[in-house]
Amino acid sequence: MRSFDSLTEREVLALAISLEEEDERVYADFADGLREQYPATAEIFEGMREEESGHRRRLIESYQERFGNHIPLIRKHDVRGFITRKPVWLMTPLSLEDVRARASSMELETRRFYERAAARTTDAGIRQLLNDLAQEERHHKDRAEELGRDKITPDARRQEAEASRRQFVLQVVQPGLAGLMDGSVSTLAPVFAAALATHKPWDAFLVGLAASVGAGISMGFAEALSDDGSLTGRGHPWVRGLVCGLMTALGGIGHTLPFLIDNFTVAMTAAIAVVVVELGVITWIRNRYMDTPVLSAATQVGLGGALVFLTGILIGSS
């Protein structure tokens, strides 16, 4: 890699052209990736792409006037000091937060490049152009906000907020809820059966811990292998698997921890209280994110939990 200070004016201009070409392509990828779910924001990035295209044309004209038609291919990964970023095609599905943070970082890096390049060039025309481009990059964020006021109406903002919410529900809430329900309900039977069969809280704790961790591993792999998210929009499979597995283990460990208490009666009472809280949390999540009526959600969750709990009592008491 070359240091920035070792570049000639010809190489600096060639690098500037390459940077604008790359930024133009990145903004085009952002616009294309966001167009289906966030059309208003996609229009903003399309406008930013057009602006970068104008920068590139001005740089090429200046280069041709000074150095001719051949432009050497110099990429930013050939020069020390630039940030190495993940390619856009590896970022799918795109989120608004990641895209806006990436765009802000790109604008800052490009502005600093133009400021350094202008400070070391000796050609008055090139220096003026680079200073102008640095100033335009400095105001790029303001220009994007102006585009946002034109393109993003209150209705568009509501639509984008709803799209973000749907994406969060698909990628985080659904796998997490599935895991929490499985961990909270499925481990009730073995934990309480062991407790009633032995009347030893420590034995019940070991059974609950094993059941929770085992269920977490099983549910995590099941969720990760269910689909790759490319068609369903459910996000990266291993992220979903991790969320599902952790919530499954958490759901089981919640009512297992009270059995660390030596007194059997106190441990059983505390465990039952934790189960009620867990079922209440599941009911709230289903109502909040899945739009399930509170009464319906409470009935479904409570009935399932009660059946499994009774199963554990019957088996443990036999």
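How many helices and how many strands are there in the chain? In this predicted model, in which local features need pLDDT of at least 70, side-chain atom pairs count only at pLDDT 80 or more, and totals for chains, interfaces and linings use all residues, the chain has eleven helices and zero strands, where helices (H or I, at least four residues) and strands (E, at least two) are DSSP runs numbered from the N terminus. Residues are numbered from 1 along each chain as its sequence is written, and side-chain values use heavy atoms, with hydrogens and water left out.

Of the 318 residues of the chain, 44% count as buried, a term that denotes under 20% relative accessible area, as against over 50% for exposed and in between for partly exposed (1.4 Å probe, protein chains only). Among contacts in the chain with a separation of 6 or more, 74% are between residues 24 or more positions apart, contact being defined as heavy atoms within 4.5 Å.

Rings of Phe, Tyr and Trp (its six-membered ring) were taken to pair if their centres lie within 6.5 Å, with planes under 30 degrees apart counted as stacked, over 60 as edge-to-face and the rest as tilted. By this rule the count comes to nine aromatic pairs, one of which joins F4 and F113 in an edge-to-face arrangement, at 5.7 Å centre to centre and with 80° between the planes. Because F4 lies in the segment before α1 (9-34) and F113 in helix α3 (residues 96-120), this pair ties together parts that are 109 residues apart in sequence. F4 is buried at 6% relative accessibility, and F113 is likewise buried, with a relative accessible area of 4%. The rings of W202 and F205, in turn, are stacked, because their centres are 5.3 Å apart and their planes stand at 25°; both residues lie in helix α8 (residues 201-224), three residues apart, about one turn of the helix.

F4 also belongs, with F113 and Y114, to one aromatic cluster. The charged end of R120 sits over the ring of F4, 5.6 Å from its centre, the criterion being NZ of Lys or CZ of Arg within 6 Å of the ring centre and within 35 degrees of the ring normal.

Elsewhere, H55, found in helix α2 (residues 39-67), is buried with a relative accessible area of 1%. Not counting residues up to four places away in sequence, H55 touches E20, L133, E136 and E137. In helix α11 (residues 294-317), the buried residues include A297, V301, G305, G312 and G316.

Note on methods
The expected span of a helix is 1.5 Å times one less than its number of residues.
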